[in-house]
Amino acid sequence: MTKHTPNLKAARIVGGVHASNPHDSAHKHVSGTAVYVDDITEPAGTLHAGLGLATVAHGKIKSIDLSAVKAAPGVVAVLTAKDVPGDNDISPSGMHDDPILADGEVLFHGQPVFCVVAETRDQARRAARLAKIEYRELDAVIDIWNLDAETHKQVTTPLVLDRGDAKANLEKAPRRIKGRMRLGGQDHFYLEGQVSLAVPGEDDEVTVHCSTQGPSETQHMIAHALGVPSHAVTVEVRRMGGGFGGKETQANQCAVLAAIAAKKLKRAVKLRLDRDEDMTATGKRHDFAIDYDVGFDDEGRILAIDYTFALRAGFSADLSGPVGDRALFHCDNAYFFPHVHAKSAPLFTNTVSNTAFRGFGGPQGMVGAERVIDEIAFAVGKDPLEIRKFNFYDPMGAKGSRNVTPYHQTVEDCIIQRIVAELEESSDYARRRREIAAFNANSRFVKRGLALTPVKFGISFTKTESNQAGALVHVYTDGSVHMNHGGTEMGQGLHMKVAQVVAEEFQIDIDRVKITATTTAKVPNTSPTAASSGADLNGMAAQDAARQIKDRLIDFAAETHQIPRDQVVFLPNRVRIGNQEISFNELVRQAYIARVQLSAAGFYKTPKIHWDRAKGRGHAFYYFAYGAACSEVSVDTLTGEYVVERTDILHDAGRSLNKAIDIGQVEGGFIQGMGWLTTEELWWDGKGRLRTHAPSTYKIPLASDRPKIFNVALTDWSQAYEPTVHRSKAVGEPPLPLGLSVLHALSDAVASVADHRICPRLDAPATPERVLMAVERLKAEAAK
Amino acid sequence: MAKLKIRSELRFILNGEDVALKDVAPDETLLDFLRLRRSLKGTKEGCAEGDCGACTVLVGRLSAGRLVYESVNACIRFLGSLDGTHVVTVEHLAGEGGHLHPVQQAMVDFHGSQCGFCTPGFVMSLYGLWMKSPDPSNAEIEKALQGNLCRCTGYEAIMRAAHAISTYGKASKDPLLAERKAIMQRLTALHDGARVEIGDGKHRLIVPADVDDFAKLRDALPEATVVAGSTDVGLWVTKHMRDITPVIFIGGLEGLQSITEDKGVVTIGAGVTYTEALGLLSKRIPALGPLIERIGGQQVRNMGTIGGNIANGSPIGDTPPPLIALGATLTLRKGSRRRTIPLEKFFIAYGKQDRRPGEFVESVQVPMPAKGEKFAVYKITKRRDEDITASLGAFKLALAKDGTVKAIRIAYGGMAATPKRAFAVEKALIGKPWTEETVLAAMEKYAEDFAPLTDMRATADYRALAARNLLLRFYVETTGAGTPVQVTRERAA
């Protein structure tokens with residue numbers, strides 16, 4: 001790429017916005033040359049750390065004997081809580097409840113108690129097993145299902161949303177159903193586990209290469225733990241091998257421990273968790289117990305609803321507060337609730353502290369919404385799709401009043417009607433519905449099911465200060481561009497999208513823009529790459545930086561040529577200045593000679609949004625992203641085994657910055673959502689040990705689990721209602737809940753064994769076991 | 001008999017280079033060797049237990065005079081098992097000047113990577129498939145990728161890439177295939193008939209010269225860990241950090257790798273891998289084909305052996321129940337003495353088998369079902385492929401002319417501490433007419449045969465219920481009721 005000769009006659013640049021460029025690192029991914037943290041050439045003398053994990057779910061540490069650990073071959077040091085020079089806490093919530101290493105008490109099975117540093121990783125891991133720790137075991141709370149959400153200890157303040165008068169309207173509703181749903185959690189299963197490499201510097205300095213979604217927060221945590229100012233700590237991440245929310249706060253522990261050890265021992269230290277340790281000791285998607293009480297009319301229109309979303313927070317707050325909040329923000333999914341009362345209950349348990357995971361509680365909220373739709377459909381004897389359509393928010397531009405969310409934000413951009421209508425047609429829903437009924441009537445054991453479910457997903461961090469971003473753009477004298485921003489690359493193609501925005505701004509081909517590693521030394525105080533916000537925020541910040549430089553170039557050209565500014569026009573790889581055209585590179589060269597600054601820091605903050613948590617009111621989201629999926633399954637009613645026959649998806653990415661990347665996000669998000677709701681089951685034993693802590697026992701989807709027929713399309717007509725970056729919409733999280741269509745198709749198939757008269761109330765994950773047990777329950781109830 | 005040569009050096013080819021190592025730890029994995037000692041960091045560790053495939057490399061070996069390349073999990077493959085092989089990593093694929101291989105270019109053009117961490121493994125699995133089947137079907141690709149997890153893409157883009165590879169270049173132009181002859185010569189030269197011994201005393205690895213040498217060693221070192229495919233022993237090291245020394249590697253012993261058929265009996269040498277067994281077994285006993293294709297991923301099937309699956313004694317091994325239902329026998333050998341027992345007698349209790357010190361499993365003899373006999377095996381798992389059994393049932397039925405059950409053998413895995421026959425159920429069926437009524441009555445007898453456990457794979461209730469329903473499935477399938485009884489990955493016409 002170094003010999004690039006720009007095409008000065010091109011009508012369009014290569015690879016600008018809306019182009020389907022491949023991932024910036026694709027050629028490196030396929031050839032094994034993309035460098036992840038564990039692949040970085042280690043400084044000479046690098047040491048390796050391993051963790052010693054608690055072996056009880058709750059207990060006081062009576063004694064710790066680490067002599068055998070220290071005496072093991074290769075061991076250089078062993079760290080315990082007292083070796084933390086600064087604050088032994090990495091709580092992201094300010095609750096001070098997340099010790100780096102357990103101090104006196106352990107609160108979950110697998111909690112890190114000590115950290116051993118040795119010459120090799122193998123030595124560290126082996127040594128870690130030699131500790132003799134005595135505990136006085138205390139009662140442990142593992143599951144939330146039987147806890148009282150009113151009285152049980154909560155890790156943080158719950159949220160209540162209230163609009164209208166739910167209580168009174170439930171009481172006077174013609175029909176009313178109460179129910180409860182169990183919804184499982186999910187391990188991130190990023191293919192690259194947690195890893196950090198800390199390299200000590202001069203004075204109090206340390207540089208940490210960390211697989212983190214939040215380099216700034218990791219930097220701040222390291223500084224706190226070391227007791228040094230943030231300016232002493234640099235955190236860098238070129239790429240992660242997957243994140244999905246699992247490296248938003250959960251990366252910090254490894255980073256902090258590696259940094260502490262590196263400073264103490266004055267040698268580079270790497271800490272990379274084994275998969276089992278990673279799954280045991282780091283947080284996951286929250287599982288929920290959802291209570292619902294819905295009032296509706298005979299047609300199936302929702303009149304009032306009351307929800308309690310209890311979530312297994314684990315032993316500390318971490319992000320459980322905001323995850324519970326987002327569940328409530330999405331308990332309406334795409335439906336208008338005239339009267340609503342909803343509350344969260346982030347319940348303390350002696351399990352690993354649950355955390356962010358793609359969707360951040362939103363998908364769990366939607367599961368609650370769709371269960372209620374199912375209940376109503378069975379109660380009034382209609383196809384659930386009819387009930388869905390009947391309860392949608394008013395479409396964009398309608399003059400109705402069915403457009404206010406439970407948090408008092410008016411939905412202005414609702415396009416779910418059109419998406420569902422188009423998908424209903426392209427998936428041939430009505431015909432297949434009839435065919436499936438005929439098939440089921442003639443098939444004794446194998447039953448088919450069909451479901452079409454919508455998604456409406458709110459875009460913005462609900463923590464308002466997180467909705468800001470910075471970028472740093474340099475133009476070098478040869479016209480090549482160095483681009484940096486606060487977002488991190490975890491596979492989602494963010495760097496490519498932001499590079500496309502910069503290329504578009506300068507009107508230069510994409511390979512003139514260099515993508516560089518995210519580092520806290522270039523762009524400070526960044527938000528984690530989360531909440532689907534990466535391209536929205538960082539794309540705008542990079543655009544701002546590019547525009548500043550461009551403005552200076554325009555000023556320079558206008559002044560030099562004594563023409564108005566509007567006669568300086570950026571064309572592909574060239575600039576028209578009055579009547580002449582010169583290459584971009586030439587203009588840059590001339591500008592440098594004229595001492596024009598060719599570097600800029602860009603900034604962006606999302607307008608309009610505000611949120612008052614205490615009141616439960618605000619404009620929490622800048623806009624909404626929409627989508628819908630239609631799935632068909634076959635179920636074996638003798639064993640509960642199933643396959644997904646076909647899925648059709650229509651998803652809204654606004655004016656997509658890169659359709660290839662966005663389609664990848666939709667396909668991957670759907671499969672991840674499907675996995676969460678079907679085969680991915682977290683299972684704790686009676687001692688509070690997670691027993692599904694590796695891919696041999698925790699089953700994420702395989703290629704052979706994806707739908708046999710899988711049609712995915714983006715809406716080619718939608719654009720963001722707000723002036724987002726090139727009118728695109730966020731696409732990281734919104735596709736995940738499309739996987740709900742599979743859960744509901746399974747439910748539909750199960751319902752067929754009782755002639756669709758009984759709501760299957762199929763809980764998730766709908767493993768073959770849960771499906772078979774639901775079949776049996778329905779058969780028994782139907783026989784009564 | 002010629003004097004046994006002993007070599008204290010491990011030799012193999014790594015990509016283009018001849019490697020000779022005198023320092024090899026008995027439990028050193030190929031992945032650690034590649035990453036830590038050779039800085040070949042394209043091969044990744046995702047799980048260190050042979051489930052995710054991020055560490056997939058190809059191993060080429062001479063088999064019956066041919067050079068075969070197979071995908072394997074470097075994370076659980078021991079270095080010591082590689083004597084005389086050709087190890088190919090992702091770094092070897094791209095041509096001069098970084099020109100991408102067709103497999104790689106297709107993955108780029110079809111957006112088959114997102115985070116990219118699993119990608120080298122996918123590339124290697126697809127490369128292994130492409131060598132054998134340049135224009136594969138959807139089902140072939142899915143099978144080749146059963147042992148590769150991707151958390152980002154949802155696989156669709158990878159499947160599109162896999163289908164397109166053949167449009168990017170011909171397999172015959174592939175450098176590895178073009179150099180096949182030269183590599184074969186180099187590998188043949190490495191096979192010097194010597195026993196390999198590295199290390200001293202307990203901390204020793206041994207690759208026997210041949211089966212007789214192994215028999216001698218086994219007898220002399222009953223405490224040694226015998227490693228064939230290492231798909232289980234690998235985890236003893238990577239997960240449990242157990243000391244497995246001394247180690248005897250038998251994966252390369254051709255004398256244990258024959259699978260033959262004679263007078264209605266298929267004899268499977270203990271070193272025959274699932275992949276090698278698949279061809280003949282799926283022809284002669286068709287129901288075993290789809291079962292074998294659901295054991296592990298392709299990489300595990302390329303390493304793991306049926307002999308190991310038996311010798312391991314696990315109650316959730318997938319091959320013992322069907323082999324027991326088929327009436328298989330097992331030949332054990334100690335030194336030069338052999339004994340043959342019914343396979344089901346081998347499994348005494350949990351963790352206890354009828355194998356005496358110094359003895360090893362040499363072969364298993366599997367009688368093919370007689371004409372008219374019906375045989376089926378069903379595996380129930382949480383996820384369809386690459387999952388460990390929750391419950392697995394195998395059935396062999398012979399009907400009398402009058403339609404009554406002349407003989408039936410039913411065996412299950414996952415339902416007890418060992419693979420186990422369902423004698424009470426069998427008894428309730430024998431002599432009765434093969435009707436749904438008989439079957440429904442027999443289903444009530446399962447509780448006499450099995451009291452399964454609850455664990456992370458399934459509850460006891462589910463195991464019990466699904467297990468008995470399998471008999472009904474078997475009945476319906478044998479009587480050909482017309483409508484489907486199982487869900488399948490096949491696409492409807």
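Axes here are lines fitted to C-alpha atoms, for helices over the stretch in contact, and angles run from 0 to 180 degrees between N-to-C directions. Helices (H or I, at least four residues) and strands (E, at least two) are DSSP runs, numbered from the N terminus.

I note that this is a predicted model, in which local features need pLDDT of at least 70, side-chain atom pairs count only at pLDDT 80 or more, and totals for chains, interfaces and linings use all residues. Residues are numbered from 1 along each chain as its sequence is written, while chains are lettered from A and ligands numbered from 1 in the order in which they are written.

**Entry: two helices of chain A**

I looked up helix α13 (residues 494–506) of chain A and helix α14 (residues 534–561) of chain A, whose axes come within 9 Å and cross at roughly 30°.

I then listed residues in contact (C-beta atoms, placed from the backbone, within 7 Å). On α13(A) they include Leu494(A), Val498(A) and Phe506(A), and on α14(A) they include Gly534(A), Ala542(A) and Lys550(A). By class, this contact of α13(A) with α14(A) has 8 nonpolar, 4 polar and 4 charged residues. I counted Ala, Val, Leu, Ile, Met, Phe, Trp, Tyr, Cys and Pro as nonpolar, Asp, Glu, Lys and Arg as charged, and the others, Gly among them, as polar.

I found an open sheet of 4 strands in chain A, with the order β19-β18-β17-β24 and mixed pairing; two strands pair if DSSP finds at least two bridges between them. β19 (513–515) and β24 (599–605) of chain A each have a single partner strand, so one side of each is left without a neighbour in the sheet. From one strand to the next the twist averages 25°. Strand β17 (residues 468–475) of chain A pairs with β24(A) in the antiparallel sense over 7 bridges, and Val473(A) stands opposite Ala600(A) in β24(A). α13(A) packs on this sheet and touches β17, β18 (481–485) and β19 of chain A, its direction making about 130° with that of β18(A).

**Entry: the sheet of 8 strands**

I traced a second open sheet in chain A, with 8 strands in the order β3-β5-β1-β12-β9-β10-β11-β20 and mixed pairing. Its edge strands are β3 (75–79) and β20 (518–519) of chain A. Strand β10 (residues 206–210) of chain A and strand β11 (residues 233–237) of chain A pair in the parallel sense over 4 bridges, and Thr207(A) has Thr234(A) as its bridge partner in β11(A). Helix α5 (residues 215–226) of chain A lies across β10, β11 and β20 of chain A, at about 145° to β11(A).

**Entry: Lys406(B)**

I placed Lys406(B) in strand β20 (residues 405–413) of chain B. Lys406(B) is partly exposed because 16 other C-beta atoms lie within 10 Å (20 or more would be buried, 12 or fewer exposed; C-beta atoms are placed from the backbone). Beyond neighbours within four places in sequence, Lys406(B) is in contact with Ala398(B), Leu399(B) and Ala400(B).

Technical notes
Contact = placed C-beta atoms within 7 Å.
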